[in-house]
Amino acid sequence: MDILSTLKREHREVAQLIDEVNECEAGDERLRALAQEIEQRLSVHMKLEEQLFYPELRDRAENSEELVEMYEAFTEHAAAKSLIEMVESGKKPDEQFKAELQVLGESIKHHVKEEESKVF
């Protein structure tokens with residue numbers, strides 16, 4: 001399986017977890033487990049992209065627009081990492097926790113859409 005197929009498959013798997021988050025009510029203990037699984041999958045996925053994929057894109061960029069798209073992806077990863085830290089803080093799965101997970105999910109879905117349509 002090539003790297004793009006792997007990355008796209010991982011995007012779909014995380015999207016499913018995000019959808020499960022949206023189906024949970026605040027206070028549902030499943031939120032904590034979903035947050036942990038999302039964090040684990042995203043951490044490995046983002047590391048793979050940042051170490052193997054994005055440097056290659058940077059080196060192959062033919063114009064400033066392609067570079068901007070690659071740097072935007074790095075910046076979106078930084079935002080996701082920040083949101084992951086908030087979610088990992090050990091809070092109870094209350095309304096704020098669910099809201100943070102939902103914002104993370106929206107951010108990730110936006111990132112995936114742009115990455116697959118522009119970067120890949």
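Guide: A helix here is a DSSP run of H or I with at least four residues, and helices are numbered from the N terminus. The model before you is predicted.

Visitor: How many helices and strands are there in the protein chain?

Guide: The protein chain holds four helices and zero strands. Read from the N terminus on, its elements follow the order α-α-α-α. The radius of gyration is 15 Å, close to the 14 Å that the globule rule gives for 120 residues, so the protein chain is as compact as a globular protein of that length.

Visitor: What box do the C-alpha atoms of the protein chain fill?

Guide: Taken along the principal axes, the box is roughly 50 × 25 × 20 Å.

Visitor: How are two packed helices described?

Guide: One gives the angle between their axes and the distance between the axes. Take helix 3, residues 64-87, and helix 4, residues 95-119: their axes lie 10 Å apart, and the packing angle is about 160 degrees. An angle over 145 degrees counts as roughly antiparallel. Helix 3 and helix 4 are therefore roughly antiparallel to each other.

Visitor: Which classes of residue make up the contact of helix 3 with helix 4?

Guide: The contact of helix 3 with helix 4 has twelve nonpolar, four polar and seven charged residues. As to handedness, helix 3 passes helix 4 in a left-handed crossing.

Visitor: At what angle do the axes of helix 1 and helix 4 cross?

Guide: The axes of helix 1 and helix 4 cross at roughly 150 degrees and come within 10 Å. That angle makes helix 1 roughly antiparallel to helix 4. The crossing of helix 1 past helix 4 is left-handed.

Visitor: Is helix 2 roughly parallel or roughly antiparallel to helix 4?

Guide: Begin with the angle: the axes of helix 2 and helix 4 cross at roughly 30 degrees and come within 12 Å. Angles under 35 degrees count as roughly parallel. Helix 2 is therefore roughly parallel to helix 4. Helix 2, too, passes helix 4 in a left-handed crossing.

Visitor: Let us turn to empty space. What shows where empty space is left?

Guide: Rolling a probe the size of a water molecule over the atoms shows this. In this model, the count comes to two cavities of 30 Å³ or more.

Visitor: Which residues are the closest to the centre of the largest cavity?

Guide: The largest cavity has a volume of about 90 Å³. It is lined by 13 residues, of which Leu-42, His-45, Ile-108, His-111 and Val-112 are the closest to its centre. Helix 1, helix 2, helix 3 and helix 4 each give two or more residues to this lining. The largest share, four residues, comes from helix 4. By class, the lining of the largest cavity has six nonpolar, five polar and two charged residues.

Visitor: Which residues line the second largest cavity?

Guide: The second largest cavity, with a volume of about 50 Å³, is lined by Glu-69, Glu-72, Ala-73, Glu-76, His-111, Glu-114, Glu-115, Lys-118 and Val-119. Helix 3 and helix 4 each supply at least two residues of this lining. Helix 4 gives the most, with five residues. The residues of the lining of the second largest cavity divide into two nonpolar, one polar and six charged.

Visitor: How much space lies in the largest pocket?

Guide: A cavity is a space from which the probe cannot get out, whereas a pocket is open. About 210 Å³ of space lies in the largest pocket. Of its 13 lining residues, the closest to the centre are Leu-57, Arg-60, Glu-66, Lys-118 and Val-119.

Visitor: Which elements give two or more residues to the lining of the largest pocket?

Guide: They are helix 1 (3-23), helix 2 (30-60), helix 3 and helix 4. By class, the lining of the largest pocket has eight nonpolar, no polar and five charged residues.

Notes: Residues are numbered from 1 along each chain as its sequence is written. This is a predicted model: local features need pLDDT of at least 70, side-chain atom pairs count only at pLDDT 80 or more; totals for chains, interfaces and linings use all residues. Side-chain values use heavy atoms; hydrogens and water are left out. Axes are lines fitted to C-alpha atoms, for helices over the stretch in contact, and angles run from 0 to 180 degrees between N-to-C directions. Angles under 35 degrees count as roughly parallel, over 145 as roughly antiparallel, 65 to 115 as roughly perpendicular and the rest as oblique. A crossing is left-handed if the near helix is turned anticlockwise from the far one by less than a right angle, and right-handed if clockwise. Ala, Val, Leu, Ile, Met, Phe, Trp, Tyr, Cys and Pro count as nonpolar, Asp, Glu, Lys and Arg as charged, and the others, Gly among them, as polar. On a 1 Å grid over the protein atoms alone, a cavity is a set of points where a 1.4 Å probe fits but cannot get out, and a pocket is an open set with protein on both sides within 12 Å along at least five of seven lines; lining residues have an atom within 4 Å of a point. Grid points are joined across faces, edges and corners, and a volume is the space filled by probe spheres set on the points. The radius of gyration is taken over C-alpha atoms; the globule rule is 2.2 Å times the number of residues to the power 0.38.
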